[in-house]
Amino acid sequence: MSATRADVCAVANADLFLTDGEILVSPMGTMPMIGARLARLTTAPDILLSDGEAFLLAETPPLGGTSPIEGWIPYRMVFDVVAAGTRHVIMGANQIDRFGNQNISCFGPHDKPTRQMFGVRGGPGNTVNHRTSYWVPKHSSRVFVETVDMVSGVGYDRAVGSAGTFHDLHRVVTNLAVLDFGGPKRTMRLVSVHPGVEVDEVVANTGFPLDISDVAVTRLPTEEELRLLDVLDPRGFRGKEVPS
Ligand code: F8G
């Protein structure tokens, strides 16, 4: 079977959890959820997955499927897990800058936003308490901006002093590439481009300079991963989010 771009993105999301071990993961969105479930069936079998409501899953069902329950984690308990730091969340980003400051809150001037989004939600608490990664389905300079309009998730330039103790922005996965914050002064660095993507395409779609000193190619899924992706996502939602 040959891999689509969506398959590569799902595996890149799965690889976010490689070193996590037995912690709760909170994949926000379709592709991160597919990646987390693939990881649990392959490279990260110890990660804990919830149903996104209040139950920990004993097994790893396909999207929309059910699983025996392993535990109960009501909304209020999520905050205990956030504070304990035993969690890795994959959030989205309407905007993200070179230091990883994320905006899912609003656009335009604070006193009169041109567009209201979700508000800061769990952005601040997540990013100052535990590992946080981002999934961006449409890599563009409208998302990768010089300066965000509002800080929801905290970036490396702001996470200083005690706010930096547990701050850990791990990776940004997009439909074009995998990035981290290994550039100068913890700025964003291009780690790998997906097969078929040129470095220039990523640079042209990023609104700030990227560290492109050492760029690899994102790995392809194995045959077993391709098989599991069709089991986990039988209706091909990944291909709707990232069309080939
Ligand atoms: C723009 C721009 C721009 C977009 N400039 N305009 C316009 C100007 C665009 C569109 C419109 C929409 C722990 C925890 C929590 C909890 C816990 C605690 C979290 C309790 C749960 C509840 C809580 C955070 C989880 C996410 C966000 C997931 C996504 C979305 C998206 C895109 C945000 C990326 N630059 N850009 N516009 N939440 N969502 O023209 O106008 O704006 O634009 O962890 O909550 O409180 O804490 O959303 O946006 O991670 O990822 O996908 O709607 O698709 O359509 O691009 O065109 O429609 O007119 P979207 P988009 P128009 S954790």
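A disulfide is a pair of cysteine sulfur atoms within 2.5 Å, and the structure holds 0 of them. This is a predicted model, in which local features need pLDDT of at least 70 and side-chain atom pairs count only at pLDDT 80 or more, while totals for chains, interfaces and linings use all residues. Residues are numbered from 1 along each chain as its sequence is written, and side-chain values use heavy atoms, with hydrogens and water left out.

**View A. Two cysteines, Cys9 and Cys106.** Cysteine 9 is buried at 0% relative accessibility. Cysteine 106 is also buried, at 6%. Buried stands for under 20% relative accessible area, exposed for over 50%, and partly exposed for values in between (1.4 Å probe, protein chains only).

View B. Helices (H or I, at least four residues) and strands (E, at least two) are DSSP runs, numbered from the N terminus.

**View C. Surroundings of Leu38.** Neighbours within four places in sequence are left aside; beyond them, leucine 38 is in contact (heavy atoms within 4.5 Å) with Val11, Ala14, Glu225, Leu228, Leu229 and Leu232.

**View D. Salt bridge between Arg131 and Asp168.** A salt bridge is a side-chain nitrogen of Lys or Arg within 4 Å of a carboxyl oxygen of Asp or Glu, and the count by this rule is 11. The closest N and O atoms of arginine 131 and aspartate 168 are 2.7 Å apart. Arginine 131 is in strand 10 (residues 131-136) and aspartate 168 in strand 11 (residues 168-174), so the pair ties together parts 37 residues apart in sequence. Aspartate 168 is partly exposed, at 22% relative accessibility.

**View E. Salt bridge between Arg189 and Asp180.** The two side chains meet at 2.6 Å, N to O. Arginine 189 is partly exposed, with 29% relative accessible area, whereas aspartate 180 is buried at 7%.

**View F. A salt-bridge network.** Asp7, Asp230, Asp233 and Arg238 are linked by salt bridges. Arginine 238 is buried at 7% relative accessibility, and aspartate 230 is partly exposed at 39%.
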